[in-house]
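Here are my notes on the model. Please read them with the structure open.

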Amino acid sequence: MNLFGMVKDSTRPYTRLESKFYDHFIAPSVAGFYSHFEQALGLMDGMDDAFVLDVGCGGGQLLEYMAKRRPGVRAVGVDLSGDQIRRARKRLAPYGSRMSAITSSALDMPLPDNEFDLVVSIGCIKHWPDRLKGLAECVRVLKPGSRLLVVEADRGCRLEDVAYLAQKTPLPFLAKPIFRIFYLVKVAGPSLDMEEMRELAKKLPIKKVRVSRVPGLPGLMLDAIKK
Ligand SMILES: C[S@@+](CC[C@H](N)C(=O)[O-])C[C@H]1O[C@@H](n2cnc3c(N)ncnc32)[C@H](O)[C@@H]1O
């Protein structure tokens, strides 16, 4: 694929270089907000021995975060990019078999039905060629009564929230204006807005659906329980 095709096609797997760039510059700023999700949603409350799935786990930062805080938690990460999975496996090696990572598309995961106590996906749905199919897969592998949390860039985001994210991202000062444009055009642009997320949620076997903005960030989240 030529450079133009790579820039245009957001559904192809991350290359080695993109994985490295993401791991060094973007993932740390995303990881800075994990505690926000954990606290705002009580994400891991009562989940001391939960079995968790992270869809689009990237380099495994969220899984590492959970492994450190909840010694009883077991988890699986899934990512389309073999390079991201290699990074995740390296990062998760200290936690042994309770933290694993597999290369797979979110749209067709080699995982059994009704298996997980929590399914999380951060920043991944915008890459899926069929978002409803990917979300239906996430719900399929959840146990009934268990929680789905999907966090994604908000196409209807506010400029001041993009500026805040740029400020928190560990890039050189002069690169920050470029990051802001990149986020708007390449990240939020191909993503979805709250209305589209609500429409997708209506088609899934889930209840207690909440679609909301991530406060202070150019992102949105879907939080729901499998029926
Ligand atoms: C923006 S990164 C987010 C990584 C991580 N969740 C985080 O919060 O730092 C998006 C990830 O989704 C993965 N991805 C893209 N398309 C995918 C698909 N169809 N199935 C699974 N993973 C996919 C990419 O390889 C990449 O690692």
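1. **Main core.** The largest nonpolar core holds 39 residues, and Val52, Met99, Val120 and Tyr183 have the most contacts inside it. A nonpolar core here is a set of buried Ala, Val, Leu, Ile, Met, Phe, Trp, Tyr and Cys residues joined through side-chain atoms within 4.5 Å. Buried means under 20% relative accessible area, exposed over 50%, and partly exposed in between (1.4 Å probe, protein chains only). Helix 4 (61-69) is among the elements that each supply at least two residues. Helix 4 gives the most, with five residues. Helices (H or I, at least four residues) and strands (E, at least two) are DSSP runs, numbered from the N terminus.

2. **Basis.** This is a predicted model: local features need pLDDT of at least 70, side-chain atom pairs count only at pLDDT 80 or more, and totals for chains, interfaces and linings use all residues. Residues are numbered from 1 along each chain as its sequence is written, and side-chain values use heavy atoms, without hydrogens or water.

3. **Tyrosine 183.** What does tyrosine 183 touch, leaving aside its neighbours within four places in sequence? Its contacts (heavy atoms within 4.5 Å) include Ala153, Cys157, Val162, Leu165 and Pro218. A second, separate core of 32 residues includes Leu192, Ala201, Ile206 and Ala224.

4. Lysine 126 forms a salt bridge with glutamate 152, with the closest N and O atoms 3.1 Å apart. The rule is a side-chain nitrogen of Lys or Arg within 4 Å of a carboxyl oxygen of Asp or Glu. The two residues are 26 apart: lysine 126 sits in the loop between strand 4 and helix 6 (131-141), glutamate 152 in strand 5. Both lysine 126 and glutamate 152 are buried. By this rule the count comes to 18 salt bridges.

5. **Pairs at helix 9.** Glutamate 196 and arginine 155 meet in a salt bridge at 2.7 Å, N to O. This pair links helix 9 (residues 194-202) to the loop between strand 5 and helix 7, 41 residues apart. Glutamate 196 is partly exposed at 31% relative accessibility, and arginine 155 is partly exposed at 39%. Glutamate 195 also pairs with arginine 198, at 3.4 Å. These two are three residues apart in helix 9, so about one helical turn separates them.

6. **Exposed isoleucine.** Is isoleucine 181 buried or exposed? Isoleucine 181 is exposed, because its relative accessible area is 56%. Isoleucine 181 lies in helix 8.
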